[in-house]
Amino acid sequence: MPGPFQAVYNASKSFVQSFAEALRNELKDSGVTATSLMPGPTDTEFFDRADMEDTRVGSGKKDDPAKVAAQGFAALMKGDQTVTAGSLMNKVQTAAGKIVPDKLKSEQHRRMAEPGSGD
């Protein structure tokens, strides 16, 4: 997803997805599993460290990191390629992201990550 106010972070997430897909292809006959974890906002120190506590996403409800990790581990053990972890909302947003144009996703992300948007 295009990520205004988090452009480098969002670009790095896109890189990780592409990298994981390439590894899966390279390792497809080796028995090695590469599972890509796609969490939504998770209750970690990320938002504090990124100085994002005043944003809508930073001040909003977040997923339990233990639940996200457990979902990721379960998917890895099943051999899943990807797992959209966390809340139902994250799963809905991920599914919608496959059909919503980038321009609209960019505006949505701006509303969530713009400094002061959580006040």
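Predicted model: local features only at pLDDT ≥ 70, side-chain atom pairs only at ≥ 80, totals over all residues.
Student: Leaving aside its neighbours within four places in sequence, which residues is threonine 55 in contact with?
Tutor: Residues are numbered from 1 along each chain as its sequence is written, and side-chain values use heavy atoms, with hydrogens and water left out. Threonine 55 is placed in the loop between H2 and H3, where helices (H or I, at least four residues) and strands (E, at least two) are DSSP runs numbered from the N terminus. With contact taken as heavy atoms within 4.5 Å, and with neighbours within four places in sequence left aside, the partners of threonine 55 are Met112, Ala113, Glu114, Pro115, Ser117 and Gly118.

Student: Does threonine 55 count as buried or exposed?
Tutor: The classes rest on relative accessible area, with buried meaning under 20%, exposed over 50% and partly exposed in between, for a 1.4 Å probe and protein chains only. Threonine 55 has a relative accessibility of 2% and therefore counts as buried.

Student: Where is aspartate 51, and what is its phi?
Tutor: Aspartate 51 is placed in the loop between helix H2 (46-49) and helix H3 (56-59), and with a relative accessible area of 66% this residue is exposed. Most residues other than glycine have a negative phi. Aspartate 51 is not a glycine, yet its phi is positive, at about 55°.

Student: What is the phi of phenylalanine 5, and where does this residue lie?
Tutor: Phi of phenylalanine 5 is near 70°, a positive value in a residue other than glycine. Its relative accessible area is 45%, which means that phenylalanine 5 is partly exposed.

Student: How many aromatic pairs are found in the whole structure, and what is the geometry of phenylalanine 15 and phenylalanine 19?
Tutor: Rings of Phe, Tyr and Trp (its six-membered ring) pair if their centres lie within 6.5 Å, and planes under 30 degrees apart count as stacked, over 60 as edge-to-face and the rest as tilted. A search of the whole structure finds 3 aromatic pairs. In the pair formed by phenylalanine 15 and phenylalanine 19, the planes are at 20° and the centres at 5.5 Å, and the arrangement is stacked.

Student: Why are phenylalanine 15 and phenylalanine 19 separated by about one helical turn?
Tutor: Phenylalanine 15 is exposed, at 52% relative accessibility, whereas phenylalanine 19 is partly exposed, at 45%. They are separated by about one helical turn because they are 4 residues apart in helix H1 (residues 7-26).

Student: How do the rings of phenylalanine 46 and phenylalanine 47 pair, and which residues are linked into a cluster?
Tutor: Phenylalanine 46 and phenylalanine 47 lie 5.1 Å apart, centre to centre, with 90° between the planes, and this pair is edge-to-face. Phenylalanine 46 is partly exposed at 28% relative accessibility, while phenylalanine 47 is buried at 7%. The cluster linked by ring pairs consists of Tyr9, Phe46 and Phe47.

Student: Which residue has its charged end over the ring of phenylalanine 47?
Tutor: A charge sits over a ring if NZ of Lys or CZ of Arg is within 6 Å of the ring centre and within 35 degrees of the ring normal. Over the ring of phenylalanine 47, at 5.1 Å from its centre, sits the charged end of lysine 62.
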